[in-house]
Amino acid sequence: QVALVESGGGLVQAGGSLRLSCAASVRFFSSSTMAWFRQTPGKDREFVAAITWSGGGIYYADSVKGRFAISRDNAKSMVYLQMNSLLPEDTAVYFCAAESLDYGPEYPPSQDAKYGYWGQGTQVTVSS
């Protein structure tokens, strides 16, 4: 059974902070690249951040560099996204994703085709 469950979303004022968490029940979690994506109505899913299995590789979208930080705890099968200096344009549903070890290595961390498992999403709303 594969499951990714996000939590920590909510309503925050611009300039504020939120910390998203993703609890993963994914086989070989500690071997998988994990990522956060986000999506707003009518738009394609957008890459936010990714972290390799060891934490040695971390990647961010340009729009969140310097404001967001991704981390993981392999012992707890958790992934986190610390979001600071939030902007109204950060408003979206945020999804946690786990790499498919079957085909994931063919794709770069920022490409959603890399990921075979997705959570249900958590809403983040930033008011101006």
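**Ser 32 and its surroundings**

A: In this predicted model, Ser 32 touches Arg 27, Ile 51, Thr 52, Trp 53, Arg 72, Glu 99 and Leu 101, leaving aside residues up to four places away in sequence. Ser 32 itself belongs to the loop that joins β3 (18-25) to β4 (34-39). Its relative accessibility is 1%, and because buried means under 20%, Ser 32 counts as buried.

One of the residues touched by Ser 32 is Ile 51. These two residues stand 19 residues apart along the chain, and their C-alpha atoms are separated by 8.9 Å.

The side chain of Ser 32 also makes a polar contact with the backbone: it reaches the backbone oxygen of Phe 28 at 2.9 Å. Phe 28 is likewise found in the loop between β3 and β4. Whereas Ser 32 is buried at 1%, Phe 28 has a relative accessible area of 47% and is partly exposed. The backbone of Phe 28 deserves a note as well: its phi is near 65°, a positive value in a residue other than glycine.

A positive phi is also found in another loop. Ser 77, placed between β7 (68-73) and β8 (78-83), has a phi near 55°, again in a residue other than glycine. With a relative accessible area of 21%, Ser 77 is partly exposed, since the buried class requires a value under 20%.

Notes
Residues are numbered from 1 along each chain as its sequence is written. This is a predicted model: local features need pLDDT of at least 70, side-chain atom pairs count only at pLDDT 80 or more; totals for chains, interfaces and linings use all residues. Side-chain values use heavy atoms; hydrogens and water are left out. Helices (H or I, at least four residues) and strands (E, at least two) are DSSP runs, numbered from the N terminus. Buried means under 20% relative accessible area, exposed over 50%, partly exposed in between (1.4 Å probe, protein chains only). Contact means heavy atoms within 4.5 Å. A polar contact is a pair of N or O atoms within 3.5 Å; within protein, one must be able to donate a hydrogen and the other to accept it, and residues adjacent in sequence count only if both atoms are side-chain atoms.
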